Amino acid sequence: MTSATLEAVNGTFGTNGAHETNAANRSNETKGRASWEQIGSRKRQELLASIPEEWLIPTEVLPAETEDDVTQWPETCGWFTAEELAITGSTATELIPKLKSRELSSEQVTRAFCKRAAAAHQLTNCLSETCFDRAIKTARARDVHLKQTGKPVGPLHGLPISLKDNFNLRGLDATVGFVSLVGDAAKADSTLAQLLENAGAVFYVKSNTPTAMMIAESVNNIFGRTVNPLNRKTTSGGSSGGESALLAMKGSPLGVGSDIGGSLRIPAACTGIFTLRPSSGRFPVRNMRSGMPGQEAVQSVNGPMARTLDDIAMYTRTVVRGQPWLLDPRCLPIPWRDVQLPDKLKIAVMWHDNMVRPTPPVTRALRDVVSKLEAAGHDVVEWDPVDQKEGLALLGRMFVADGGTAIRKQLERTGEPWRPEMEQYRIAKELSTYEMWNLQLERVDFQNRYLDRWNRAGIDAILCPTIPFNTVKNGTFKHVGYTGVYNVLDYSCLSFPTGLTVDESIDRIEELYQPLGSDCESINADYDAKTMHGLPISLQLVARRLEEEKVLAMGKKVLEVLHS
């Protein structure tokens, strides 16, 4: 076994991983309560054992533990073939025509991504499950069908797609970071997985999440911490951080995550990829596992993650054209709508959210994008963040309305300890039904007032940070205000890389900087330009509810302005 595979088993990358619980484990062992750790250890060993020996990284080509950026390692290590690199370096929209024309076989493409995903896991600890045998079998069936009929299975014919751990795939666990759910294998695929497979997709891996999917970094007591392959000292975000790390390592051409407070957009921003947070009702959620089942005051949604906007748009069209409303009663019967944008957009820029000022690189990116939009003739106005603090407070109150009971019950089943990041759930007090009803009335009133203000302003979108930084060092994430408010509103959001990277020579805290509060002060105090140097900077484009097609079209127009 290589040192990399040992690290994958032990979760030793980063801080606050599974190894952090060793002291607690020893204490529990003396009391005869080590079962939760034994279960986690066995699960990590099973995950490692599921990787064929041919896809375990040889020790002689393994990057050093001190090598922070491992994204270029596949191209320089000599372990991947030129064909494997060409395949895994391609986008989903580049691969599909080659798969449909038989220029590439699905088995060929699937094997390449299986190997690269296995390598990504050994370097970043990004996976929770593999189903390589299922993938190869499915891929071969795709190839046989195309050869015999001359027709592809569907619009995603033969394309490998990775899924976040909360998507059920038959025979695999969906632990969502709970030790108690290890061994509780799904009996059937989630509805979205069925739709994608009917469209021709091939499933091969599932990716790591934090406990209950309610931490903004992907860390739990089973698998440990997923790290950012662009700099392994930093976080890949959460809760879809396993997915973002896998995509940044090109271990997947297209992934699917979920979002209840920023869980798609935060990891996408941390790793410099694209994602769409759709409104509830556009994509199916049937037969998915939740970290807090029954919590519906804030709707959880799922969406695509990819390295290009074209891939995000292609996925969205495919799912909507699959008529998900016939498969999931929660889906709205809204077909794909082609959008004609005005030549001149009216975009409101939100420089900060009245709680945390963005760190210098994010502010610089905002200024750059605003300047280029104005130069291209678009109308840019300022958005008053007066409502943002109330929206974040509503989000937090709704998340803990059950007094943390749903999470507590899962932890108590095995004696698994609370992670320190989940203190707000551990100490929460349960609301009565009447109190919950009134909280939901507050939410509706907030949604009404925000929409009215939007309509009065006559804007097409809000441009703002996705997170108040580009990423942060492992274990130090604070503040989901820039994403979570739009979960309360259920708005369509696109997180996109600006093409800019952090420059330590210019991205420095201004002498006249004034914090907006304690989180603002600590976030900007912790900002380390040297560590962040060279890492991508993302921003967020927000449209109104159910405007997925419009936000994608606006995102394309913004990118055209940035690249012109």
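**Exercise 1. Strand pairing.** In this predicted model, strand β8 (residues 255-259) and β10 pair over 5 bridges. In which sense do β8 and β10 pair, and which residue of β10 does Asp259 face?

*Solution.* 
- Take the sense of β8 and β10: antiparallel.
- Now turn to strand β9 (residues 274-277). It is joined to β10 by 2 bridges, and the two run antiparallel.
- Here Phe274 stands opposite Ala306 in β10.
- Finally, check burial. Of the 6 residues of β10 (residues 301-306), 6 are buried, so the strand is largely enclosed by the rest of the structure.

**Exercise 2. Helix α14.** Work out where the buried residues of α14 lie and what they pack against.

*Solution.* 
- Start with length. Helix α14 (residues 388-399) has 12 residues; at 1.5 Å a residue it should span 16 Å. Its end C-alpha atoms are 17 Å apart, which agrees.
- List the buried residues: Gln388, Gly391, Leu392, Leu394, Leu395, Met398 and Phe399.
- Look down the axis of α14. These residues fall within an arc of 155°, so they line one face of the helix.
- Residues three or four places apart point the same way, because an α-helix has 3.6 residues a turn.
- Name the partners: α16 (423-426), α17 (433-457) and α18 (481-489).

Notes. Residues numbered from 1 in each chain as written. Predicted model: local features only at pLDDT ≥ 70, side-chain atom pairs only at ≥ 80, totals over all residues. Heavy atoms only, no water. Buried < 20%, exposed > 50% of the residue type's maximum accessible area, 1.4 Å probe, protein only. Helix = DSSP H or I, 4+ residues; strand = E, 2+ residues; numbered from the N terminus. Pairing = 2+ DSSP bridges. Expected span 1.5 Å × (residues − 1). Arc of directions from axis to C-beta. Contact = heavy atoms within 4.5 Å.
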